[in-house]
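Have the viewer ready and follow along.

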Amino acid sequence: MVREIHMSRSEIIDFSTWSRTGPDNKIKAPANFLETSISQKIQTMVDVCLNANLIGLVTGAPGIGKSTTLRWIASQEPTYAVYVEVSPAQAALKPFCKLLSDNFGWGVDCQYQHQWWEVLVSRLPDEAKRLRYLMVDEAQTLDNDALRILVNFQEQFGMAVILAGNESTLRRKNSGPAFEQITDRIGFKLRLEGLLDSDFQCLGKNFGFTGEDACNFIIRYGKQTSLRKVEQLLSAAKLLAENEKMQPNCGHLKEMLAVIDENAAERITRRK
């Protein structure tokens, strides 16, 4: 239970002296966001979790669009969603609670762990009336105490929680009965595989690459790398084409890839 983290208080905390400063989590929508099979699955999971009041966990390989999609969804409902990305320095309970406080706009800092729990109990019921969900990215970074707090948000405060990250890393870092009790509370687990060929084709067309040879080149490179790497290549190749005042084509992709990643260019050429 979450209350296991309580400590005997040495002082009384006066919450009435703390005023809301306004949320610091105004999410900027990702540039050039393109709907993919991955983003569609994540959106479906978020919708189900909201409607059924579940805790969701989305996992998958890096660079396939998890974080981009979550930021996009949160940016579309800034009044009703809070998105936080956890760094290694924020993995323990106290720094994680400070991260939440900053993103909820509370302007609160506490010295002791039990004080943070009092802050959450005092503030989250009101937040739950306003918010639809809390999104926590890079959740594999968190330790068990922080995870235990999160999975209790839904039950105690009626707030849907969406976790995202690398499940294998999460399990390696947090093991044992306590971790199993935490994961048993997760109602919707979405494990994402790789992107489809059609995703890479649509991405290429979004950047102006329409030829069959260019599409095949983009697919081959995407299968070897990630959505993020493909976007970087397409952006650079498109800029090259614009500088030459030409229609983007496969030649621009090959030229820029040779500059960005010579080894990848050789691998793609050999697989042709």
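Predicted model: local features only at pLDDT ≥ 70, side-chain atom pairs only at ≥ 80, totals over all residues.

Residues are numbered from 1 along each chain as its sequence is written, and side-chain values use heavy atoms, with hydrogens and water left out.

**Aromatic pairs**

A search of the whole structure finds four aromatic pairs. Rings of Phe, Tyr and Trp (its six-membered ring) pair if their centres lie within 6.5 Å; planes under 30 degrees apart are stacked, over 60 edge-to-face, and the rest tilted. Two of the pairs are shown here.

| Pair | Centre to centre | Angle between planes | Type |
|---|---|---|---|
| Trp-117 and Phe-157 | 6.4 Å | 50° | tilted |
| Phe-153 and Phe-157 | 5.8 Å | 75° | edge-to-face |

Trp-117 sits in helix α4 (residues 113-130) and Phe-157 in helix α5 (residues 144-157), so this pair links distant parts of the chain, 40 residues apart. Helices are DSSP runs (H or I, at least four residues), as are strands (E, at least two), numbered from the N terminus. Phe-153 and Phe-157 are both in helix α5, four residues apart, so about one helical turn separates them. Trp-117, Phe-153 and Phe-157 form one aromatic cluster.

Buried means under 20% relative accessible area, exposed over 50%, and partly exposed in between (1.4 Å probe, protein chains only).

**Helix α2**

In helix α2 (residues 66-76), the buried residues include Lys-66, Leu-70 and Ile-73. Among the elements covering the buried residues of α2 are α1 (37-52) and β1 (55-59).

Methods. Contact = heavy atoms within 4.5 Å.
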